[in-house]
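Dear colleague,

I am passing on a structure that I have been going through, and my notes on it follow below. Please read them with the coordinates open.

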Amino acid sequence: MNPMDDFFNAINTYKPIHIMAAFSGGHDSLCATHYMYSVLKLKDIDIPFSVYHGDTGIGIAETQQFVKKVCEQYNWNLSIGSAGNSFEEYVKKYGYPGPAQHHIMYRNLKDKPMRHYVTHHLKSS
């Protein structure tokens, strides 16, 4: 089975009105974003496409600069969501999170900001 079959089946089944790729700034997500965009264009699928980058507040500035540069280079519409000072607030309240708190940090730094963006910005556009 072609790896993109699931992608096309999802498009046919759910009829999305927008496709958003999550681009962390790493090479894996860059390849996935580029591949998804390329396939949409190659197959002439006319669904708006955008890129989302989550600013966790604890990453290095160069990562976000790289994301912006790549999106500009490929003319991808980029939105950046922010976790604000969630990490600092958590550390002040509970101390530095260990491995057992990974799910809490993921939810607060990545999942909540992305859901907020989709609910309040993407759906209204």
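Some conventions come before the rest. The model is predicted, with local features needing pLDDT of at least 70 and side-chain atom pairs counting only at pLDDT 80 or more, while totals for chains, interfaces and linings use all residues. Residues are numbered from 1 along each chain as its sequence is written, and side-chain values use heavy atoms, with hydrogens and water left out.

The chain has five helices and three strands, where helices (H or I, at least four residues) and strands (E, at least two) are DSSP runs numbered from the N terminus. Read from that terminus, the order of the elements is α-β-α-β-α-β-α-α.

Strand E2, residues 49-55, pairs with both of the other strands described here, pairing being taken to require at least two DSSP bridges between two strands. Strand E1 (residues 19-22) runs parallel to E2 and is joined to E2 by four bridges; within this pairing, Ala21 has Val51 as its bridge partner. Five of the seven residues of E2 are buried, so that the strand is mostly covered, buried meaning under 20% relative accessible area with a 1.4 Å probe and protein chains only.

For the chain as a whole, 30% of the 125 residues count as buried, and the C-alpha atoms fill a box of roughly 50 × 35 × 30 Å along the principal axes. Among contacts (heavy atoms within 4.5 Å) with a separation of 6 or more, 68% are between residues 24 or more positions apart.

With best regards

Note on methods
Buried means under 20% relative accessible area, exposed over 50%, partly exposed in between (1.4 Å probe, protein chains only).
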